[in-house]
Amino acid sequence: MRAGKIFRIDLDGKVTIVADVPSRPFGLGFLPDGDLLVASMTQRLILKLGADKPTIHADLTDLASGYLRDLAVARDGNAYVTSFDADAAGPDGFASARVLLAMPDGNIRSVADNIAHPNGLAITSSHELLVAETPGNRLLGFKIDSDGALLHRKVFANFEGMSPLGICEDAEGAVWAAAARQSLFVRVQQGGRITHRVHVPGRHAVARQLGEQDGRTLFCLTVAANLDDYPNRQQTARVEATAVDVPGAVGSLRLAETRSH
């Protein structure tokens with residue numbers, strides 16, 4: 001994000017630059033045809049990375065309040081992205097936060113609001129959208145309607161003493177979540193029961209994704225716990241991996257979102 005680049009990392013750890021996005025890339029998601037979408041934070045655009053240079057997939061400048069954040073793409077090509085004003089607190093923070101929808105036909109609209117600084121997004125195998133409400137210490141769930149609307153808002157899980165960031169679903173419907181500004185990733189079931197914890201001492205958890213051939217590798221993006229390094233653009237991020245028992249949900253094993261600091 002801070003370097004303005006998107007990287008591809010293979011299983012041997014080789015890093016390749018995919019694209020330069022000086023306006024700060026954030027959430028990533030793949031369209032059904034394999035093209036990659038990226039949320040351009042400061043421009044408030046969703047860009048499409050095809051064979052040539054990035055093109056504008058959706059212009060959200062009139063809808064987004066604050067910067068764009070995470071992004072998730074449904075199997076029909078609908079792209080959901082979060083936005084909020086990071087400087088707004090209290091009621092203003094809720095008022096500024098939205099989940100926006102960009103459809104393949106060019107239609108764009110707001111589909112959810114009144115959320116406390118939404119960050120991580122995940123689309124489940126049951127066609128629900130999960131939203132990590134970071135300072136709200138909980139995960140919200142919405143049923144995705146046939147027209148892309150978000151219905152039947154519910155609390156998927158509440159956390160005590162933990163603010164969720166990046167999230168992904170596994171094959172049993174549980175969710176792996178990064179704990180903001182903590183050295184911890186957790187697996188939580190609907191209702192809030194935490195079944196597994198992965199500790200990353202000396203690091204801060206940022207995002208995670210299940211992958212590899214059998215879907216049983218949890219890739220964990222972490223950064224140095226010393227936040228004083230960030231203003232100096234120190235490159236402290238790394239991807240760590242650990243084996244888990246339950247694979248990723250069907251259809252979610254392609255890397256759908258990650259972040260780089």
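**Sheets, a cavity and a charge over a ring**

Author: Three strands form an open antiparallel sheet in the order S19-S20-S21. Strands here are DSSP runs of E with at least two residues, numbered from the N terminus, and two strands pair if DSSP finds at least two bridges between them. This is a predicted model, in which local features need pLDDT of at least 70, side-chain atom pairs count only at pLDDT 80 or more, and totals for chains, interfaces and linings use all residues. Residues are numbered from 1 along each chain as its sequence is written, and side-chain values use heavy atoms, with hydrogens and water left out.

Reader: Why is one side of strand S19 and of strand S21 left without a neighbour in the sheet?

Author: Strand S19 (203–211) and strand S21 (238–243) stand at the edges of the sheet. One side of each is without a neighbour because each has a single partner strand.

Reader: Which residue stands opposite Leu221?

Author: Strand S20 (residues 217–224) pairs with S21 in the antiparallel sense over six bridges. The residue in S21 that stands opposite Leu221 is Val239.

Reader: How many charged residues has the lining of the largest cavity?

Author: The lining consists of Asp170, Trp176, Arg187, His196, Val244, Asp245 and Val246. Asp, Glu, Lys and Arg count as charged; Ala, Val, Leu, Ile, Met, Phe, Trp, Tyr, Cys and Pro as nonpolar; and the others, Gly among them, as polar. By class, the lining has three nonpolar residues, one polar residue and, as the number requested, three charged residues.

Reader: Over the face of which residue does Arg69 lie?

Author: A charge sits over a ring if NZ of Lys or CZ of Arg is within 6 Å of the ring centre and within 35 degrees of the ring normal. Arg69 lies at 4.3 Å from the ring centre, over the face of Phe84.

How values were computed
1 Å grid on protein atoms, 1.4 Å probe; cavity = no way out; pocket = protein on both sides within 12 Å on 5 of 7 lines; lining within 4 Å. Helix = DSSP H or I, 4+ residues; strand = E, 2+ residues; numbered from the N terminus.
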